[in-house]
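The following note sets out several points on the model under review.

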Amino acid sequence: MRRRRDPARARRVAVLSLHTSPLELPGTGDAGGMNVYIAQTATRMAERGTEVEVFTRATSSDLPPTAELAPGVTVRHIAAGPYQGLAKNDLPGHLCAFHAGVLRTEASHSPGYYDVVASHYWLSGQVGWLARDRWGVPLVHTAHTLAKVKHRTLAEGESPEPPVRVAGEERVVAEADRLVVNTEAEAADLAELYGARPGQLTVVPPGVDLERFTPEGRAEARAELGLAPEAVVLAFVGRIQPLKAPDVLLHAAAELVRRDPGLRARLVVLIVGGPSGTGLERPTELHELAARLGITELVRFLPPRPGAALATVYRAADVVAVPSHSESFGLVALEAQACGTPVAAAAVGGLPVAVADGVSGILVPDRRAGSWADALGYLALEPARWREFATAASAHASAFSWDRTTERLLAVYDQAATELRTTLEIAV
């Protein structure tokens with residue numbers, strides 16, 4: 001194990017994000033909240049003087065070896081397996097190649113080049129603990145999702161996570177110096193299901209870009225999207241797959257129209273995102289469902305959109321629905337609320353933290369069409385009530401920021417480095 005120098009604060013962090021790049025557009029493929037998390041925190045770390053290098057698997061021969069995400073943030077594309085055609089479950093077979101690429105990069109520098117390894121998702125954690133041992137630096141791991149938690153609320157049509165993932169997560173938990181979690185509930189899951197030690201766990205809630213996602217401009221947003229001022233607009237934003245349950249919104253919309261046929265003239269349902277995971281097997285399933293429910297003319301499918309354009313969707317909506325079967329936090333819920341839009345969300349994972357139930361939105365205890373129609377109608381159909389929730393939504397989201405998240409992450413890195421340094425000194 002190499003010895004490193006003793007910086008006051010980590011000057012260079014190696015971030016491992018094997019299966020998806022922060023350069024990818026959220027809502028496509030495997031890109032989602034984790035991509036936003038890495039991009040936002042890495043950028044802010046660099047602004048504070050900590051250089052960040054993100055290692056991710058190259059998915060095209062056209063990608064350059066390195067790319068700049070932001071000043072001080074470099075994305076390194078590591079060749080590991082075929083460039084295209086690999087599903088996430090195929091990636092464990094290419095961990096060795098990815099690991100070799102990461103170590104080769106570090107070996108081209110003087111010893112002690114990186115001060116911390118920060119891994120995201122279990123695949124990166126497998127490489128992270130090996131790099132940690134080789135470099136003599138702490139490993140700080142963020143799971144984002146956990147197989148054993150997903151298995152408790154498996155969506156119809158979704159297959160259980162493979163045993164190799166469960167074993168891999170258990171190994172990462174055993175090896176990591178620190179485990180960063182989004183909520184106290186996630187900390188409890190890691191302790192109960194994976195045997196995480198109390199001293200490993202640190203709760204660091206994600207943030208929201210409060211400069212990009214703001215509540216002003218609702219009328220302009222509707223005009224940009226071609227929505228009538230008087231329309232009742234319900235929106236889903238995210239990857240189109242059973243785990244995210246966008247079908248729940250369609251069933252609820254059909255139920256609202258059944259209850260009030262006059263609503264059909266005003267109701268618009270926006271589905272924003274691209275097929276992902278098992279959703280790739282039936283990319284037209286939601287279109288077919290809308291037809292069966294008799295609401296085809298009410299539903300508009302929009303491709304994934306970058307941040308500023310995504311804010312337009314949030315501002316235009318009366319309510320954003322987050323009906324996921326499993327959600328480690330739910331950045332979509334925070335972003336929508338920051339835009340002054342109330343949220344109806346499933347009462348799972350981190351969503352009870354992201355949404356203030358009865359204040360900034362409503363937590364729905366099940367996925368029945370009637371329950372979701374109740375919640376959506378309550379939030380969207382009474383203007384005075386909507387304004388009250390919209391104001392509270394913006395206020396609730398303002399308590400979360402990426403600056404606060406970044407400062408807490410840097411503090412975790414420093415604490416982990418100090419403890420490892422002390423352990424090495426005692427060993428000597």
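1. The model is predicted. Strand β2, residues 51–57, is mostly covered, with 6 of its 7 residues buried.

2. Strand β2 has pairing partners that deserve attention. With β1 the pairing is parallel and extends over 5 bridges; here Arg12 stands opposite Glu51 of β2. Strand β4 (residues 73–78) also runs parallel to β2, the two being joined by 6 bridges. Within that pairing, Val75 of β4 is the bridge partner of Val54.

3. Helix α3 spans residues 121–135, and its 15 residues reach 20 Å from first C-alpha to last, close to the 21 Å expected at 1.5 Å a residue. Just after α3, Gly136 adopts a positive phi of about 70°.

4. How much of α3 is covered? The helix is mostly covered, as 12 of its 15 residues are buried. Among them are Tyr121, Trp122, Trp129, Arg132 and Trp135. The elements covering the buried residues include strands β1, β5 and β6, together with helices α1, α2 and α5.

5. Two packed helices are described by the angle between their axes and the distance between the axes. For α8 (residues 246–259) and α13 (residues 369–380), the axes come within 8 Å and cross at roughly 75°. Because angles of 65 to 115 degrees count as roughly perpendicular, α8 is roughly perpendicular to α13.

6. The contact involves, on the α8 side, residues including Val248, Leu249, His251 and Arg259, and on the α13 side, residues including Trp372, Asp374 and Leu376. By class, the residues of this contact divide into 8 nonpolar, 3 polar and 3 charged.

Definitions and conventions. Residues numbered from 1 in each chain as written. Predicted model: local features only at pLDDT ≥ 70, side-chain atom pairs only at ≥ 80, totals over all residues. Heavy atoms only, no water. Axes fitted to C-alpha atoms, helices over the stretch in contact; angles between N-to-C directions. Helix = DSSP H or I, 4+ residues; strand = E, 2+ residues; numbered from the N terminus. Parallel < 35°, antiparallel > 145°, perpendicular 65-115°, else oblique. Contact = heavy atoms within 4.5 Å. Nonpolar A, V, L, I, M, F, W, Y, C, P; charged D, E, K, R; others polar. Expected span 1.5 Å × (residues − 1). Buried < 20%, exposed > 50% of the residue type's maximum accessible area, 1.4 Å probe, protein only. Pairing = 2+ DSSP bridges.
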